[in-house]
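Subject: Handing over the structure

Dear colleague,

I am passing this structure on to you, and you will find it just below. My notes on what was found in it follow.

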Amino acid sequence: MPDELSEDTIAAISTPPGEGGVGIVRLSGKNAIEIVAGMFASSRGKDICKGRQRVFHGHIRDSRGRSLDEVLVHVMRAPHSYTTEDVVEINGHGGMAPLRAILDEALARGARLARPGEFTRRAFVNGRLDLSRAEAVMDLVHAQTRAALNAANAAASGALSRALREMTDTLADALARIEAAVDFPEEDLPELVDAALLDGLRRTHARMAELVQTADAGILYREGISLAIVGKPNVGKSSLFNALLRDARAIVSDLPGTTRDRLEETITLEGVPARLVDTAGVRNAENEVEAIGVERARNAAQQAGLILFVVDVSRPCSPEDVALAEELAKIRTPVVLVRNKMDLVEGADAGFPNGTLPLQCVAACSISATTGAGMRELERRLAALLLGDDAPPADAPMLFRVHQKDSMRRAAASLERLLENAAASPELLAVDLREALAALGEITGETTPENILDRIFASFCIGK
Ligand SMILES: Nc1nc2c(ncn2[C@@H]2O[C@H](COP(=O)(O)OP(=O)(O)OP(=O)(O)O)[C@@H](O)[C@H]2O)c(=O)[nH]1
Ligand SMILES: [Mg+2]
């Protein structure tokens, strides 16, 4: 962040828009306390610039002395605040109108409207948070499920950031010793690159590999996945949609071609947020509206992270089922075969036994969407498929973003090269170590270029 920007005192409404019980206007910067002092009248005649008191009751007044809101003012002096600057939070009575009036008054007195994520960016620039924690703060705001919340909390409280610090320390230490070997070539290299040092690097490499391996679970917790329900008409797609949603959201009828548009809702599968998409039954459509629906079904299948291919076991496998299976096989998205209407047939293996369809499925489940039989097992299988077997507990250090996984993979690759060539010249070892450190630095933000930081923080909300 350019210096002149961090000189400004910034202000924003920090609570989400809408009616709430309380609302907060937050200011940060060297004039924050003075600006609020000019617009605040304490009910006990106190001056917020003086003394050590932190919370004050009173009224915010505009330049003509009219009261805008009754408030509690919370003063946090540098460096003991979120941004490490002077921070003042004005807790108003909610309602957007008084909050906007308070913000306006602060802007009129010399504060500047904060950009999205600017409070957190200041915390980062001032060394209060590394980038991995700053990003976790944003995830906390957006977390949709309990598991995502636990994971974001762990990251925000620094589990990942501590792991990164330990790795960085080990590598930096090794680099210092190897550089000494470059500077003093007469020293014996084997003594400098000794077993203990290599051991430490090997352990660090193993931790990196583990973080890369569990990154997909972390990314999933954060981003969720899209599950598309597809199948020919009347097999029970909308019934399955409703059963997973536990709500009669989609219209169900025995008329083939009931669902025309795609319907989307968010569900949670053992903590993993998923966008569940119900689609029109795929067949040669009878009219234009249905044809559009079928096209949308194909698109939904193409965009999905996982496809639930529903078949009706009470009827024999038809050419339509086969044609659709062939189509799905081409798009290469993992498919779970859902054998529906089990309540209408005798025996668990009736209808669509393995090998009937020209399609490799990652799992097959037998259910009845109407009676609910097999639904729990289906949900359990889906969650296991999504998370994989080695999903770490949500409070372990985890990578949550594609860019973190990519950097960690490069760090691990550099270290692996080093470990394979441990007998090489110290110059070469130093190159690998520097690369690994730079890659780790992209996760902590130490080596992240300014324009990428701009992009990351711009995706935060205003007031955070
Ligand atoms: N007996 C039984 N009937 C089911 C089951 N699932 C769905 N049905 C019935 O099958 C018919 C079609 O169900 P829908 O859920 O509308 O099927 P769909 O695949 O969404 O159909 P389209 O939207 O037309 O493609 C309805 O009459 C449902 O009550 C089941 O597990 N058992
Ligand atoms: Mg339907």
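Helix α10 (residues 237-245) contributes three residues to the shell around ligand 1, the most of any element; helices here are DSSP runs of H or I with at least four residues, strands are runs of E with at least two, and both are numbered from the N terminus. The shell holds 24 residues, of which G236, S238, S239, T259 and G281 are the closest, where a residue belongs if its C-beta atom, placed from the backbone, lies within 6 Å of the ligand. By type, the shell around ligand 1 has seven nonpolar, 13 polar and four charged residues, with Ala, Val, Leu, Ile, Met, Phe, Trp, Tyr, Cys and Pro counted as nonpolar, Asp, Glu, Lys and Arg as charged, and the others, Gly among them, as polar.

Please keep in mind that this is a predicted model, in which local features need pLDDT of at least 70 and side-chain atom pairs count only at pLDDT 80 or more, while totals for chains, interfaces and linings use all residues. Residues are numbered from 1 along each chain as its sequence is written, and chains are lettered from A and ligands numbered from 1 in the order in which they are written.

Turning to helix α12 (residues 319-331), its buried residues are D321, L324, A325 and L328, buried meaning that 20 or more other C-beta atoms lie within 10 Å of a residue's own, exposed 12 or fewer, and partly exposed in between, with C-beta atoms placed from the backbone. These four cover an arc of only 105° around the axis, which puts them on the same side of α12; the arc is that of the directions from the helix axis to the C-beta atoms. The face turned away from that buried side carries the exposed residues P319, E326 and K330. Among the elements covering the buried residues of α12 are α11 (288-303), β11 (306-312) and β12 (335-340), contact requiring C-beta atoms, placed from the backbone, within 7 Å. Just after α12, R332 takes a positive phi of about 65°.

Two features belong to the loop between β5 and β6. P79 lies in this loop and is joined to A78 by a cis peptide bond, with omega about 0°. T84 is also found in the loop between β5 and β6, and has a positive phi of about 70° although it is not a glycine; T84 counts as partly exposed because it has 18 C-beta neighbours inside 10 Å.

With best regards

Conventions. Two residues are in contact if their C-beta atoms, placed from the backbone, lie within 7 Å.
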